[in-house]
Amino acid sequence: MSEALGRPVTEEDLVALADDRLDAARSAEVEAWLGENPSERDRVAGWRRQSAMLRGALDPVAAEPAPPALVAALTPPPRSRWQWPSIAAVAAGIVGGVFAGWMIWGSAVPLQAREMVAIGLSAHQVYIQEVRHPVEVTVAEADHLTSWLSNRIDTEVAPPDLTAAGLALLGGRVVPENGWPAALLMYENAAGERFTLLIVHYREAANTAFRYTTQRDFGAVWWMDGEVGYVFSGPDDRARLLDLSRSIYDQVS
Amino acid sequence: MAINRHEMERLIPSLRRFARGLTGDAQAADDLVQDALWRALRKERQFRGDNLAAWLFAILANGARAEVRSRRRQPTVGPLIDTADGGTDPASRIGILSALASLEAEHREVLLLTAVEGFTYRETAEIVGVPIGTIMSRLARARDELARRLDGAPIVPVRRVK
């Protein structure tokens, strides 16, 4: 079909011609071949029209100024976040502690851990009641969930897999923790019981054993593992929460 | 290698255009871009090359593929078309974007990368992670499919080009 014109014309030639990416000599050869092959000529002309239409439809997006939220994504929050609590915060912590009955922990428990547990338990109670919007990002967007939470709290958040224990991940959300974002993951079992895992990133590392605390009908196991604190909350069932927490610990550390 | 933030910022408009073409939805597109920027910053030490654009577009394309995979498990329809923001000619704009949205994801991405974003075939092959020959054949398939959808009639090449 194209012997007289040198190299045979391939589909790759047609694609490259439609993109104006052939050198002048080859371009002329392919054009000449198209002159004898009207259906292929129409095909390439159609391709060119498509490209122009695509650019016409999408170029306005690139002409918009970059949204501030995206520009802000390039400047993550400062890495350091831990501050020793101010006197006011200490006072508030003590008052809060008395109210919640946490004084039994004694002085060995760092103040920040008490706040962490308080936030974990209160977030648990607030969000497990949400029927339609228990989480901001559902597990259907697992990748987005992981990268979003990881970036918000500036440490890798890979949601632990608790399916072996019958708990399915619903998704997660960001919750405030002393003005900083913390990650809250939510799980649910077949009986409709919900569990939450609060993940808080601190700058100062600490390691603690599992501890258990209760509030109303809820219980929470919490621990610090390096710079990251965890509060796993659910129904007040110490043995079960400890068991699940061990499984979480094995996966996150 | 530390990446110049201004270089990244300069690429946001075209990343948004690419993401919009991939998803058809303004909000979903910006989420994808944000994810890609975050991912890039988190692994910026892995950036070895000199082609920041190709690297960022590859991260975005990967994110989009992951989204498509996870969306497949959900009972939703394909990419949404944002009908709210029409261009100068809303009808044709929606037409081409609807047709684009109905393509297979692997066809959509190569078409956008070459025809709209202007990457070379070699760069596109790098971004998508397949040989250049595959890019060329995907482009031909993508364009024939798109033509079929725009014309509403099947394209049957009269003669096989070899």
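1. Touching, or being in contact, here means that the C-beta atoms of two residues, placed from the backbone, lie within 7 Å. Ala18(A) has its place in helix α1 of chain A, residues 11–18. Helices (H or I, at least four residues) and strands (E, at least two) are DSSP runs, numbered from the N terminus. The C-alpha atoms of Ala18(A) and Gly46(A) are separated by 9.0 Å, although the two residues are 28 apart along the chain. Ala18(A) is buried, with 23 other C-beta atoms within 10 Å. The cut-offs are these: 20 or more other C-beta atoms within 10 Å of a residue's own make it buried, 12 or fewer make it exposed, and anything in between is partly exposed, with C-beta atoms placed from the backbone.

2. A word on what you are looking at: this is a predicted model, in which local features need pLDDT of at least 70 and side-chain atom pairs count only at pLDDT 80 or more, while totals for chains, interfaces and linings use all residues. Residues are numbered from 1 along each chain as its sequence is written, and chains are lettered from A and ligands numbered from 1 in the order in which they are written.

3. Next, the sheet of chain A. Its 6 strands form an open sheet in the order β1-β2-β3-β4-β6-β5, with antiparallel pairing. Strands β1 (137–138) and β5 (211–215) of chain A stand at the edges with a single partner strand each, so one side of each is left without a neighbour in the sheet. Two strands count as paired if DSSP finds at least two bridges between them.

4. Thr138(A) has Gly171(A) in β2(A) as its bridge partner. Gly171(A) also stands opposite Met186(A) in β3(A). Between β2(A) and β3(A) there are 10 bridges, again with the strands antiparallel. β3(A) and β4(A), also antiparallel, are joined by 6 bridges, and Glu188(A) stands opposite Arg194(A) in β4(A).

5. Both hairpins have a residue with positive phi to look at. With 2 residues between the strands, the hairpin of β2(A) and β3(A) has Asn178(A) at a positive phi near 55°. In the hairpin of β3(A) and β4(A), which has 4 residues between the strands, Gly192(A) takes a positive phi near 85°.

6. Turning to chain B, its secondary structure comes to 7 helices and 0 strands. Of its 162 residues, 41% count as buried. Among the contacts in chain B with a separation of 6 or more, 62% come from residues 24 or more positions apart.

7. Just after α5(B), Gly118(B) takes a positive phi of about 75°.

8. How does α5(B) meet α7(B)? The axes of α5(B) (residues 105–116) and α7(B) (residues 132–151) come within 9 Å and cross at roughly 100°. Axes are lines fitted to C-alpha atoms, for helices over the stretch in contact, and angles run from 0 to 180 degrees between N-to-C directions. That makes α5(B) roughly perpendicular to α7(B); the bands are under 35 degrees for roughly parallel, over 145 for roughly antiparallel, 65 to 115 for roughly perpendicular, and oblique for the rest. Residues that meet there include Val110(B) and Leu111(B) in α5(B) and Leu139(B) and Ala142(B) in α7(B).

9. Finally, the two chains together. Their contact takes 45 residues from chain B and 41 residues from chain A. On the chain B side, α1(B) gives the most, with 10 residues. By class, the side of chain B that touches chain A has 21 nonpolar, 9 polar and 15 charged residues. Ala, Val, Leu, Ile, Met, Phe, Trp, Tyr, Cys and Pro count as nonpolar, Asp, Glu, Lys and Arg as charged, and the others, Gly among them, as polar.
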